[in-house]
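User: Could you walk me through how the labels on this structure are reached?
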Amino acid sequence: MYTSSSYLTISSFLNEEQLEQIAQAQTTAIYEDGKHTARDGAREVKNNQQMNTGCTAYSTIQQVLLTAMNHNGVFRNAVLPKNIYPFLISKYTQQMGYGWHVDSPLMGNMMRTDVAMTIFLNDPEDYEGGELELQSSTGNVLYKLKKGDAVCYPCTQLHQVREVVDGERHVAVTWIQSLVKVAEQRKLLFDIQQVIDKLFMQDRQNLEAKFLQQSHSNLLRMWCE
Ligand SMILES: O=C(O)CCC(=O)C(=O)O
Ligand SMILES: [Fe+2]
């Protein structure tokens, strides 16, 4: 599930019903210049539109997205969310993009940003260009996922949204403060959790799984803040 070092993709993060609710809401949405929510060097390279957070559509979409997050075990186990920043609902039309930047380390009420997340709200066939490009030690990686899919990546990484050449790109983005600050530690915990889940699926009383769960619990206690 981790495609590169610690980038997590979640397919069908949103189901058909949730996507439909979002699409309905989007028809009445009000958008404004995305530069309002960027700071320092990011402001100059940010060229997109964002949904006005005061409109009814925004509240509806926010609710749908939070519900999806709460129900997603992979997201919870991999990201270990402590605080979630309100979603930005963005739209990139022709020639829009967001050049190389790093996200603010602190947002809102001094919330530390550990994990960034992009949820794709329309199909990759709907637009040309518009890939989310992430810096990685083994070469840059591009994400242009299916409608309803999501990608999570550590906020330590430089990234950009390549220019949309044709069509429209719709995404929801947010930032999460994790219970575990260090990405490598989160990845270890997630890997162990997946093995535990598999073993318990075969046998609810598997003793090795219980020992592994003990180690997982104690590591989480050691690393969480
Ligand atoms: O649209 C995306 O996939 C990411 C946008 C982004 O980097 C940001 O809003 O900071
Ligand atoms: Fe960003």
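Analyst: A definition to start with: axes are lines fitted to C-alpha atoms, for helices over the stretch in contact, and angles run from 0 to 180 degrees between N-to-C directions. In this predicted model, helix 5 (residues 183–202) and helix 6 (residues 207–223) have axes 9 Å apart and pack at an angle of about 155°.

User: Why is helix 5 called roughly antiparallel to helix 6?
Analyst: Angles over 145 degrees count as roughly antiparallel. The angle here is about 155°, so helix 5 is roughly antiparallel to helix 6. Helix 5 also passes helix 6 in a left-handed crossing.

User: Which residues in helix 5 meet which in helix 6?
Analyst: From helix 5 come Gln185, Leu189, Ile192, Gln193, Val195, Ile196, Leu199 and Phe200, and they meet Glu208, Ala209, Leu212, Gln213, Ser215, His216, Leu219, Leu220 and Trp223 in helix 6. By class, the residues of this contact divide into 11 nonpolar, 5 polar and 1 charged.

User: What makes helix 1 roughly antiparallel to helix 3?
Analyst: Helix 1 (residues 16–26) and helix 3 (residues 56–71) pack at about 165°, with axes 9 Å apart. The cut-off is over 145 degrees, so helix 1 is roughly antiparallel to helix 3. The crossing of helix 1 past helix 3 is left-handed.

User: And which residues make the contact of helix 1 with helix 3?
Analyst: Gln18, Gln21, Ile22, Ala25 and Gln26 in helix 1 meet Ala57, Thr60, Ile61, Val64 and Ala68 in helix 3. That contact has 6 nonpolar, 4 polar and no charged residues.

User: How do you know that domain 1 and domain 2 are in contact?
Analyst: Two residues are in contact if their C-beta atoms, placed from the backbone, lie within 7 Å. On that basis, 7 residues of domain 1 are in contact with 5 residues of domain 2. The side of domain 1 that touches domain 2 has 4 nonpolar, 3 polar and no charged residues. The domain assignment gives 2–178 for domain 1 and 183–223 for domain 2, and their C-alpha centres lie 29 Å apart.

User: Which residues surround ligand 1?
Analyst: Ser90, Tyr98, Asp103, Thr118, Leu132, His159, Val161, Val171 and Val173 surround ligand 1. Strand 16 (159–161) and strand 18 (169–178) each supply at least two residues of this shell.

User: What makes the shell around ligand 1 count as having 1 charged residue?
Analyst: Asp, Glu, Lys and Arg count as charged. Asp103 is among the residues surrounding ligand 1, and by class the shell has 5 nonpolar, 3 polar and 1 charged residues.

Methods:
Residues numbered from 1 in each chain as written. Chains lettered and ligands numbered in written order. Predicted model: local features only at pLDDT ≥ 70, side-chain atom pairs only at ≥ 80, totals over all residues. Helix = DSSP H or I, 4+ residues; strand = E, 2+ residues; numbered from the N terminus. Parallel < 35°, antiparallel > 145°, perpendicular 65-115°, else oblique. Left-handed = near helix turned anticlockwise from the far one by under 90°. Near = placed C-beta within 6 Å. Domains from an automatic or database assignment.
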